[in-house]
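Good morning. I will take you through one protein model today, part by part. Please have the sequence and the 3D view open.

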Amino acid sequence: MGQETPASKAKQHRDDSLTVIDNRTGKQYKVPISHNAIPATSFKAIRAPAGPNDRAEDETERGLRVADRGFLNTAVIESSITYIDGEKGVLRYRGYPIEQLAEKSTFIECAYLLIYGALPTRSQLVHFEREVLLHGIMHADAKEFFGAFRYDAHPMAMLTSAFAYLGSYYGEANPSLQGQTLYTKCAKGDSEAFQNMDKQIFRLIGKATTLAAMAYRVRQGREFVVPPTGMSYTESFLYQLDHLSPTDSFSASPSTSPSPYKPHPVLARALDILFILHADHEMNASSTTVLQTGSSLPDPYSAVAAGCASLYGPLHGGANEAVIRMLVAIGSPENVPAYLAAVKRREKVLSGFGHRVYKTSDPRSFIIRKIADEVFAVTGPDPLLDTAMALHDAALKDEYFVSRKLGPNVDFWSGLIYRAMGFPMDFFPVLFVVPRVVGWVAHWRQMMLSPEGVKIWRPKQIYIGPSERPYVAVDEREVIQGLGKEPTATVHSG
């Protein structure tokens, strides 16, 4: 037998805990450490009598709260889906490096991986892909639904509404109608519950492209297209977007003879890789929104609609559109130095650089740069490409941006690719939603399968408003005026 070393001995006797001394009382507390994390609820045991600077609303005697504005260092869930190391620029789905998946896999295969936890066998993949594509067809009533929007409605507003609308069709998917354990029964091995859950997952992924295509075509006054047969997920999506024949409108049968039109294979594969890169990204704003909403146990369509609304925000889903607007504003490569100088003076914003999580470089940006070259070879170079390259190279050589770790992210190149493929800028967030539906349902499913059950997410707050005060009659109140302290005047038309 080998001799025990001091290092191994120390490892065996390591105390995985945190010792906290409350200087208010002198008491010592021991907090367990698991997976390099501490349970926030442990701090509720750290209590003290109210001090001279404490308010009753601080609830000092009820234990400490953990303040973390914007969730900068709070883990809200244990997950086995996606791992990100922002310091090293690492992104893995279920342990598989994103670089390998982008090179060798397909979006549908990655969807299976993210949702079910392992790469599928050939028969499993065929079954999953078949179910997803078969569930792409929408009820004919959807034509009237989309027709009710204004001609200039934003496609994200339509898509968010459409996901919620979708839930109204499937009563068997709604825990409010079927009982709150409809999905949580899966954690106990209920086979019927699993079948019901899988059906909703097939529907959400399959209909995501159909709803997105309908939002695209209604803006143009074009007939909607029935999803074709015999095409891949992204080929089917591109077909629904661009197919011109009226014979494949919703008035036609899915068995109608197909048109010779088929999306360009390079563009279909490029979109497939882009979908892989956007499928999941751990606890981003929209995924967290889906889980927050899902924790109250609504149907999954409502949770996805909430995630879609979150992604609609320009701080989340609008970054690639902002890149294009920035490049248009710069105009030409010779204007890049002046623009970067304005960024340093905080007069302009540098879109497409830096990331909330990645502190070196976004690993997806290297993959997407290669895709861009392949797409431009088919579509022709975008007039903004020279400006983009000049900005890209100048920023990477500038110590101001290098020292702040502002490297290009996935949004810098994706906007150029979407623009080259002919998508309008306000459709860019939709192209983010379609693949991200997979990540949303993967996290939602993981939550429903939790052995501990689902607890509604109810964060704490730190109340800093007025203490208790008596009601004052309307004629005796102090006048409080000023911008933000009273309603502003509204100009009414008509």
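First, the ground rules. This is a predicted model, in which local features need pLDDT of at least 70, side-chain atom pairs count only at pLDDT 80 or more, and totals for chains, interfaces and linings use all residues. Residues are numbered from 1 along each chain as its sequence is written, and side-chain values use heavy atoms, with hydrogens and water left out.

Let us start with the domains. The assignment gives domain 1 as 17-58 and domain 2 as 96-248 + 260-459; such bounds come from an automatic or database domain assignment. Taken over C-alpha atoms, the centres of domain 1 and domain 2 are separated by 42 Å.

Next, the strands. Helices (H or I, at least four residues) and strands (E, at least two) are DSSP runs, numbered from the N terminus. Two strands pair if DSSP finds at least two bridges between them.

What does β4 pair with next? Strand β5, residues 96-97, is joined to β4 by 2 bridges, and the two run antiparallel. Here Y93 has Y96 in β5 as its bridge partner. The hairpin of β4 and β5 has 2 residues between the strands, and R94 in the turn has a positive phi of about 50°.

Now the core. In soluble globular proteins, nonpolar side chains tend to be buried together. Buried means under 20% relative accessible area, exposed over 50%, and partly exposed in between, using a 1.4 Å probe and protein chains only. A nonpolar core is a set of buried Ala, Val, Leu, Ile, Met, Phe, Trp, Tyr and Cys residues joined through side-chain atoms within 4.5 Å. The largest nonpolar core in this model has 118 residues, and those with the most contacts inside it are F163, I205, F237, L391, F423 and V437. Helix α19, residues 428-448, gives the most to this core, with 14 residues. Another core lies apart from it; it has 5 residues, among them V20, Y29, V31 and I46.

Take F423 as an example of contact, which means heavy atoms within 4.5 Å. Not counting residues up to four places away in sequence, F423 touches Y216, L238, L241, Y418, F428 and L431.

A word on cysteines. The structure holds 0 disulfides, a disulfide being a pair of cysteine sulfur atoms within 2.5 Å. C110 is buried, at a relative accessible area of 0%, and C186 is buried too, at 2%.

Now the annotated positions. Which residues does UniProt list for "active site"? The unreviewed entry lists H355 and D411. UniProt positions are given in the numbering used here, feature names are shortened, and annotations may be inferred rather than shown by experiment. The two residues are spread over 57 residues of sequence, yet they cluster in space, with a largest C-alpha distance of 10.0 Å.

H355 lies in the loop between α14 (336-344) and α15 (363-379). Its relative accessibility is 26%, so H355 counts as partly exposed. Leaving out residues up to four places away in sequence, H355 touches H281, D362 and R364.

D411 is found in helix α18, residues 410-420. Is D411 buried or exposed? D411 counts as buried, because its relative accessibility is 11%. With residues up to four places away in sequence again left out, D411 touches A319, N320 and V323.

P300 lies in helix α12, residues 300-312, and is buried, with a relative accessible area of 2%. P300 and V441 are 141 residues apart in sequence and 7.7 Å apart in space, C-alpha to C-alpha. P451 is found in the segment after α19 and counts as exposed, because its relative accessibility is 76%.
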